[in-house]
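This report describes charged and aromatic side chains in one protein model.

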Amino acid sequence: MSKRKDILLEQVIMQYLRSKEPIGSESLKAFFGNSFSSATIRNHFKALSLEGWLFQPHVSSGRIPTSAALKNHWLKKINPKSTLNTSLQALKTSSYKHKICCILSIESSNKLERIINIEDSFLVLLFEKSQIVVAYNASLERFLQELKNLDITDIKKIAYQVRASELLALLENAHKANISRFCVSALKEMLSQSQNEEVFLDIVNGFIFHKLENGIYFEKSLPKDYLGVMQEVCLSENLSGRIFCIGRIDSDYTRFYSELAS
């Protein structure tokens with residue numbers, strides 16, 4: 001894509017995210033002034049449409065960005081490897097304002113220190129701040145020995161991934177995460193699609209923290225036209241953990257994150 005087309009596409013996306021209305025050539029001409037003529041804008045519209053970046057809902061309407069264009073935009077704009085610094089109040093306010101659901105998981109450190117085998121009948125898992133007892137199994141003991149010195153949060157994630165449901169249930173009971181939820185109503189449309197019930201429950205129950213690493217997620221992990229961001233969070237209330245923010249791909253995440261940081 002040429003630099004001029006890239007600039008024009010970026011402006012279409014920004015205007016569309018704010019208005020949720022098709023963007024016409026005259027609107028862009030007013031923004032760019034003499035930098036782009038109306039004819040040049042229309043030619044770029046045609047080229048960007050053929051390339052799959054823009055879509056024209058009606059013959060007489062302007063253009064809207066396609067899902068592919070929005071995915072590419074957010075991959076460039078959002079850095080999930082950074083730590084989000086904000087407050088609980090800002091999370092609540094911004095999530096409802098922009099209709100972006102935020103699931104917050106706050107957990108204190110709790111590492112697995114020792115594993116005690118009691119006569120090949122039980123295994124006692126001694127953590128820094130808690131302990132659990134599981135029925136003995138030689139394979140399970142070998143598995144757990146490999147997890148020594150890991151935090152219980154990481155062990156729960158591994159237990160979820162390997163489908164060790166009984167162990168995961170015991171770990172959850174011994175060390176429940178402090179889960180906060182903001183604007184779950186933003187997922188109403190997603191829930192209305194029956195095939196997405198499992199994804200919805202994973203998100204609101206906090207199991208998504210066992211399932212996903214920090215990163216940006218689209219339809220391979222979420223329903224079509226949704227965007228999710230998993231990252232570390234540090235709150236002004238002297239709390240830290242991870243946060244999963246999810247909403248429609250055409251939500252204004254730029255303003256959402258800007259308001260969280262302000």
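Arg 255 and Asp 252 form a salt bridge in which the closest N and O atoms are 3.7 Å apart; the term denotes a side-chain nitrogen of Lys or Arg within 4 Å of a carboxyl oxygen of Asp or Glu. The model is predicted, so local features need pLDDT of at least 70 and side-chain atom pairs count only at pLDDT 80 or more, while totals for chains, interfaces and linings use all residues. Residues are numbered from 1 along each chain as its sequence is written, and side-chain values use heavy atoms, with hydrogens and water left out.

**Salt bridges**

Arg 255 counts as partly exposed at 40% relative accessibility, whereas Asp 252 is buried at 10%. Here buried means under 20% relative accessible area, exposed means over 50%, and partly exposed lies in between (1.4 Å probe, protein chains only). A network of salt bridges with shared partners joins Glu 189, Arg 248 and Asp 250.

The structure holds 13 salt bridges. Three of them are listed below, including the pair already described.

| Salt bridge | Closest N and O atoms |
|---|---|
| Arg 255 and Asp 252 | 3.7 Å |
| Glu 51 and Lys 5 | 2.5 Å |
| Asp 225 and Lys 224 | 3.5 Å |

The salt bridge between Glu 51 and Lys 5 has its closest N and O atoms 2.5 Å apart. This pair links distant parts of the chain, 46 residues apart: Glu 51 is in the loop between α3 (38-50) and β1 (54-55), and Lys 5 is in helix α1 (residues 3-19). Helices (H or I, at least four residues) and strands (E, at least two) are DSSP runs numbered from the N terminus. Glu 51 is partly exposed, with a relative accessible area of 39%, while Lys 5 is buried, with 10%. In the remaining listed pair, Asp 225 is partly exposed at 22% relative accessibility and Lys 224 is exposed at 61%.

Asp 151 is found in the loop between α6 (138-145) and α7 (152-161).

**Aromatic rings**

A search of the whole structure finds five aromatic pairs. The rings of Tyr 160 and Phe 207 are stacked because their centres are 6.5 Å apart and their planes are at 25°. Rings of Phe, Tyr and Trp (its six-membered ring) pair if their centres lie within 6.5 Å; planes under 30 degrees apart count as stacked, over 60 as edge-to-face and the rest as tilted. Tyr 160 is buried at 15% relative accessibility, and Phe 207 is partly exposed at 28%.

Tyr 253 and Phe 256 form an edge-to-face pair, 6.4 Å centre to centre with 85° between the planes. Both residues are buried, and Trp 74, Tyr 253, Phe 256 and Tyr 257 form one aromatic cluster.
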